[in-house]
Amino acid sequence: RVPRAPPPESVTDCSDGGVVGPVVGVIGSLQAMEVIKVAMRKPKEEVMSGRLLLYDASCCTFRNIRLRARRPDCAMCSESP
């Protein structure tokens with residue numbers, strides 16, 4: 001189950017709250033590894049395709065969320081919205 005997003009006014013953006021430098025390195029390393037796996041033609045089960053990885057640097061936890069396929073009748077995510 002995905003938690004509800006907080007109201008926009010309660011969250012600071014990067015220009016106000018800043019970005020923790022090491023977080024950029026962690027995410028960049030993960031993305032580079034995914035590119036290598038795709039270039040090596042790893043099976044779909046071994047790459048993050050169709051999934052969203054959430055990283056909380058404050059407590060060093062990861063959440064992996066499976067994304068559903070696009071619905072052809074969806075006004076937002078169909079091939080021709």
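This briefing covers the overall fold, the surface and a handful of residues of one protein chain.

The model is predicted, so local features need pLDDT of at least 70, side-chain atom pairs count only at pLDDT 80 or more, and totals for chains, interfaces and linings use all residues. Residues are numbered from 1 along each chain as its sequence is written, and side-chain values use heavy atoms, with hydrogens and water left out. The protein chain holds two helices and two strands. Their order along the sequence is α-α-β-β. Of its 81 residues, 9% count as buried.

**Fold and dimensions**

- Helices (H or I, at least four residues) and strands (E, at least two) are DSSP runs, numbered from the N terminus.
- Helix α2 covers 21-39 and strand β1 covers 51-56. Strand β2 covers 61-66.
- The radius of gyration of the protein chain is 16 Å, whereas a compact globule of 81 residues would have one near 12 Å. This radius is taken over C-alpha atoms, and the globule rule is 2.2 Å times the number of residues to the power 0.38.
- Along the principal axes, the C-alpha atoms of the protein chain fill a box of roughly 35 × 35 × 25 Å.
- Contact means heavy atoms within 4.5 Å. Among contacts between residues at least 6 apart in sequence, 18% join residues at least 24 apart.

**Surface and charge**

- The protein chain has an accessible surface of about 7,200 Å². Carbon and sulfur atoms account for 59% of that surface.
- Accessible areas come from the Shrake-Rupley method with a 1.4 Å probe; for residues, only the protein chains shown count as cover.
- For single residues, buried means under 20% relative accessible area, exposed means over 50%, and partly exposed lies in between (1.4 Å probe, protein chains only).
- The side chains include 12 positive and 9 negative ones. The centres of these two sets lie 9 Å apart.
- Lys and Arg count as positive and Asp and Glu as negative, while His and the chain ends are not counted. Each charge is placed at NZ of Lys, CZ of Arg, CG of Asp or CD of Glu.

**Positive phi outside glycine**

- R41 is not a glycine, yet its phi is positive, at about 60°. R41 sits in the loop between α2 and β1. Its relative accessible area is 76%, so R41 is exposed.
- C60 also is a residue other than glycine with a positive phi, near 55°. C60 belongs to the loop between β1 and β2. With 53% relative accessibility, C60 counts as exposed.

- K37 lies in helix α2. Its relative accessible area is 17%, so K37 is buried.
- Not counting residues up to four places away in sequence, K37 touches K42, E46 and V47.
- K42 is placed in the loop between α2 and β1. K42 is partly exposed because its relative accessibility is 34%.
- Leaving aside neighbours within four places in sequence, K42 is in contact with K37 and V47.
- K42 and A75 are 33 residues apart along the chain, and their C-alpha atoms are separated by 33 Å.
- V26 is another residue of helix α2. V26 has a relative accessible area of 29%, so it is partly exposed.
- V26 and R68 are 42 residues apart in sequence. From C-alpha to C-alpha they are 26 Å apart.

- R51 is in strand β1. R51 is partly exposed, at 27% relative accessible area.
- Leaving aside neighbours within four places in sequence, R51 is in contact with E45, E46, N64, I65, R66 and L67.
- R51 and L67 are 16 residues apart in sequence, but 5.2 Å apart in space, C-alpha to C-alpha.

**Aromatic pair**

- One aromatic pair turns up in a search of the whole structure. Y55 and F62 form this pair, which is stacked, with 4.7 Å centre to centre and 25° between the planes.
- Rings of Phe, Tyr and Trp (its six-membered ring) pair if their centres lie within 6.5 Å; planes under 30 degrees apart count as stacked, over 60 as edge-to-face and the rest as tilted.
- Y55 is partly exposed, at 25% relative accessibility. F62 is partly exposed too, with a relative accessible area of 44%.
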